[in-house]
Amino acid sequence: MTVPIDRDQLIADEYLWLPTSNNLTETQMRAINEYVIAQVGDCEENYAEVLCRALQAIALSNKATASANAGGLKREKVDQVEQEWHSSSSASQVWEDYLDSLKDLCPIFGYTGLNNNMGIRITTPTSVVVNPPCTPCYTNSEF
């Protein structure tokens, strides 16, 4: 009997390895995790791949948000003090650098199959290839 992936440990590991500029909520991260687990398989043997692919998906989401919110003049006034600054796309670059670093980080966990040029692939049900990496893998309906 195989052991399913510990979701709480996965979240804890993600917080450990993500930059502090992560602005996704835990609920959003858990949703991404469930999507990745559904693609890879819910077996403890797949933990390294799930962790790496989830970190990549979270980083891509953060990068997209940073890119959408980049640029513009910002002004803040508190009491009698006014500050003004120009925001650049540096937040997006942080996530780009992080995505590049995953090719070096993921082998530490034991996974070397991450391709940084490719995000999570969404396929239609007719093109899904069933090739479970461990047998049997748990599905959400079994809990």
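Modeller: Let's start with helix 4, whose buried residues pack against helix 1 and helix 3. Contact here means heavy atoms within 4.5 Å, and buried means under 20% relative accessible area, with exposed over 50% and partly exposed in between (1.4 Å probe, protein chains only).

Colleague: What kind of model is this, and how are residues numbered?

Modeller: This is a predicted model, where local features need pLDDT of at least 70 and side-chain atom pairs count only at pLDDT 80 or more, while totals for chains, interfaces and linings use all residues. Residues are numbered from 1 along each chain as its sequence is written, and side-chain values use heavy atoms, with hydrogens and water left out.

Colleague: Which residues in helix 4 are buried?

Modeller: Ser 92, Trp 95, Tyr 98, Leu 99, Leu 102, Leu 105 and Cys 106. Helices (H or I, at least four residues) and strands (E, at least two) are DSSP runs, numbered from the N terminus.

Colleague: Where does helix 4 bend?

Modeller: At Leu 102, by about 45 degrees. That bend is the angle between axes fitted to the seven residues ending there and the seven starting there.

Colleague: And what span should helix 4 have?

Modeller: Its 20 residues (90–109) should span 28 Å at 1.5 Å a residue, and the end C-alpha atoms are 28 Å apart, which agrees. The expected span is 1.5 Å times one less than the number of residues.

Colleague: What comes just after helix 4?

Modeller: Gly 110, which takes a positive phi of about 105 degrees.

Colleague: Switching topic: how many salt bridges are there?

Modeller: The count comes to six, taking a salt bridge as a side-chain nitrogen of Lys or Arg within 4 Å of a carboxyl oxygen of Asp or Glu. In one of them, the side chains of Arg 30 and Asp 8 meet at 2.8 Å, N to O. That pair links distant parts of the chain, with Arg 30 in helix 2 (residues 26–40) and Asp 8 in helix 1 (residues 7–17), 22 residues apart.

Colleague: What about Glu 26 and Arg 30?

Modeller: Their side chains meet in a salt bridge too, at 2.9 Å, N to O. Both lie in helix 2, four residues apart, about one turn of the helix.

Colleague: Is Arg 30 buried, exposed or partly exposed?

Modeller: Arg 30 is partly exposed, with a relative accessible area of 27%. Glu 26 is partly exposed as well, at 35%.
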